[in-house]
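Reader: I am new to this structure and would be grateful for a close look at one part of it. Please begin with a single residue and then place it in its wider setting.

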Amino acid sequence: MNKVCCLTCLWHVSQKKLHNTDVVCEELKINLSQVNKKHVPHQTRLYFFGHIGKLFGGHFLLVKHHSKHNIILPIAAHPISLLVFCLTGMEIRREDEIEDMSMSPQTMGSMQIAGSNGFGHNIEFMSQAYLRNRYSEIDIKDESSNANKDRPLPVFLKFEDVKVKVRNGQASSNPVKVVVSKVSSQLNMDQDSHKYILKGITGSIGPGEILALMGPSGSGKTTLLKVIGGRLLDNVKGKITYNDIPYNPALKRRIGFVTQDDVLFPQLTVEETLIFSAFLRLPNNMSPKEKRERVEMIVKELNLERCRHTRIGGGFVKGVSGGERKRTSIGYEILVDPSLLLLDEPTSGLDSTAANRLLMILQGLAKAGRTIITTIHQPSSRMFHMFDKLLLISEGYPVYYGKARETMEYFSSLQFVPEIPMNPAEFLLDLATGQVHDISVPEDFSVPQGSPDFEKAIVKYLQLKYKTHLEPKEKEENHKTTKTPEHLQVAIQLKKDWTMSWWEQFLILCNRTYRERCRDYFDKLRFVQSVGVAVLLGLLWWKSKTDTEAHLRDQVGLMFYTCIFWTSSSIFGAVYVFPFEKIYLVKERKADMYRLSVYYVCSTLCDMVAHVLYPTFFMIILYFMAGFKRTIPCFFLTLFAILLIAITSQGAGELFGAAVLSIKRAGMIASLVLMLFLLTGGYYVQHIPKFMQWLKYLSFMYYGFRLLLKVQYEGDDLYECESKEGCRPLQSSPSFDTVNLNGGLEEVWVLLAMALGYRLCAYFCLRRRISVSNI
């Protein structure tokens with residue numbers, strides 16, 4: 001405790017009633033004559049603040065105007081680490097004894113500071129995000145409107161008695177347990193058919209704070225993070241509020257979620273990843289230059305300059321290091337200034353130096369007015385003391401919640417004391433698992449050490465102590481805390497409009513999709529496959545003719561094989577697209593990054609590049625080697641028919657992939673449907689029994705094969721002229737028993753309708769599956 005004297009609270013300055021303004025406060029050495037009084041609004045109260053270590057990082061004046069607008073007066077830095085309040089002789093505590101924060105309409109909050117008399121005094125403050133001008137001369141500038149526009153909306157998060165349950169079938173892959181679970185659920189044995197992952201979690205956190213979720217693996221840390229982030233909404237009980245408002249879809253774009261596994265497109269570079277995110281997510285009133293400047297700032301802040309032109313990589317693709325990938329994931333989220341930033345194991349896979357640097361970055365982000373929650377497994381001692389609050393979970397139950405620096409004191413009060421020097425995080429994890437080696441236990445603990453149930457008894461004991469000591473206090477604090485101002489409650493419910501129009505999103509996503517997939521589109525192996533098969537078929541059917549029934553049958557077989565080849569290539573080229581990109585799509589849709597319709601149209605149009613390019617090369621080679629009709633209309637009509645078959649097959653593949661969003665299942669379904677369409681295509685079986693004929697009308701291969709025959713042959717053409725019976729028209733051939741070669745090209749319209757219908761069904765299936773998927 002220190003006594004600090006200050007002679008302030010001088011609203012008379014604005015009215016020029018105070019003439020002696022040479023030195024107002026001896027400790028701060030502030031000369032009020034430096035203030036240009038013409039710029040100080042009427043009826044203004046001046047408060048002087050000293051340096052407040054981590055919260056502010058600079059001395060400043062806060063001018064409170066009667067219109068509720070705040071004006072900041074930066075002043076020269078001074079080595080005073082205590083808050084100077086406008087009361088003479090008042091004893092004040094250091095900034096780490098700030099007890100409560102609540103928001104006034106245009107400020108970031110207020111601090112309740114306890115004095116020696118036990119009464120609290122509300123002091124309005126603004127965070128460092130609003131105090132970037134730290135220079136020595138005093139200048140008065142009203143930036144309240146710009147600050148509110150550019151800075152993240154403050155979010156005060158409260159969660160109480162949060163419980164999450166899942167079916168035992170979800171928690172176990174054992175088929176016997178799954179069957180038993182289903183039987184028990186049919187018998188209304190709910191208590192046996194469900195398993196609780198979280199069992200009553202309570203806490204709160206506000207802007208400028210970092211809450212660490214700690215606990216052993218499987219304790220429920222990630223589940224709690226998903227519940228808070230709105231990623232998990234089913235089977236959740238309890239109360240979670242954001243500025244005293246329950247979760248609503250408008251929060252999607254105010255929450256940043258960094259998953260444990262970095263979900264970034266591996267083929268894009270670091271800079272491309274951030275630039276596309278900036279153009280899709282930043283407000284439309286920012287110019288492209290300003291968006292690029294924001295990306296440049298993030299790259300420098302996260303120390304990504306060295307790897308900015310390196311691919312992200314992952315899996316079998318070489319790319320940046322684990323630390324660089326993790327910093328890119330964080331930059332991807334903080335690029336749009338989220339109000340609530342959630343991180344799942346951000347330091348996993350990093351060395352201690354990189355992890356410490358990463359946490360310092362998070363600390364800076366919190367100072368800018370963000371609310372940050374992170375799960376962390378076992379931080380170093382230095383990192384542990386960077387957290388403001390800590391929630392320790394064991395087997396879904398809370399064991400400790402409160403200030404991180406007070407954890408050792410709390411457990412010491414329960415007589416759990418380390419007997420050797422120990423990292424606080426290691427000490428807490430040992431307690432959460434019940435492994436109290438080198439840790440003293442309470443004398444009144446009844447279970448003898450070394451017994452089989454000793455570790456479980458330790459955990460139960462700690463859970464009971466939390467229930468009696470900490471939980472009532474935290475619930476009381478949640479109910480006692482000043483209600484969030486109405487304007488913040490309204491703001492948290494306002495759904496942000498799309499940052500750009502449908503067409504603008506389409507152009508950006510097309511560019512990103514093409515860059516991400518272009519290596520697949522122009523793959524050398526794919527090109528060699530198309531050209532090689534075309535040359536091989538051309539050699540096998542070299543200069544084929546239609547002068548006899550046998551030759552005609554051979555050429556018709558080539559037609560059908562060509563149809564099979566591009567049907568299978570297109571289906572299997574499209575069926576895995578959505579299952580492979582599921583995690584990226586779910587992540588970006590949960591953040592409301594773009595319209596799903598834009599993504600789907602961009603995906604299907606960009607993939608058409610490959611589905612048009614390679615069949616064209618194929619037909620240019622094969623058509624003239626195989627001896628088909630050498631007329632320009634016939635060539636282009638044949639090419640058009642092959643492309644139409646490929647595009648229709650692509651739509652079918654997208655439908656199968658979107659319907660299941662599983663790589664294994666999608667491939668299996670595509671194989672079965674392809675086999676069915678192959679058999680009913682009109683080549684192997686022309687005369688299908690009546691009760692099975694409906695199958696061929698579902699087959700696009702049936703219509704594609706008929707279209708190829710009508711384009712290539714005419715019913716009046718003659719063949720078998722050298723036979724005894726003389727020339728016969730092609731229509732009389734058994735190969736065309738079910739095809740009217742002069743019957744028009746109605747198959748074109750059927751295939752176009754199928755291509756469109758498959759894509760519409762694929763879009764709605766994708767929309768449904770993505771809405772219920774989580775990562």
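Author: Histidine 377 lies in the loop between strand 16 (371-375) and helix 11 (381-384); helices (H or I, at least four residues) and strands (E, at least two) are DSSP runs, numbered from the N terminus. The model is a predicted one, in which local features need pLDDT of at least 70 and side-chain atom pairs count only at pLDDT 80 or more, while totals for chains, interfaces and linings use all residues. Residues are numbered from 1 along each chain as its sequence is written, and side-chain values use heavy atoms, with hydrogens and water left out.

With a relative accessible area of 32%, histidine 377 is partly exposed; buried means under 20% relative accessible area, exposed over 50%, and partly exposed in between, with a 1.4 Å probe and protein chains only. Apart from neighbours within four places in sequence, histidine 377 has contacts (heavy atoms within 4.5 Å) with Met214, Gly215, Ser217, Glu345 and Leu429. Threonine 347 is 30 residues away along the chain, and its C-alpha atom is separated from that of histidine 377 by 8.5 Å.

The wider setting is the chain as a whole. Its secondary structure comes to 25 helices and 22 strands, and buried residues make up 53% of its 775 residues. Of the contacts between residues at least 6 apart in sequence, 72% join residues at least 24 apart.

Strand 9 (residues 157-167) and strand 12 (residues 236-242) run antiparallel and are joined by 6 bridges. Phenylalanine 159 has isoleucine 240, in strand 12, as its bridge partner.

Terms used. Pairing = 2+ DSSP bridges.
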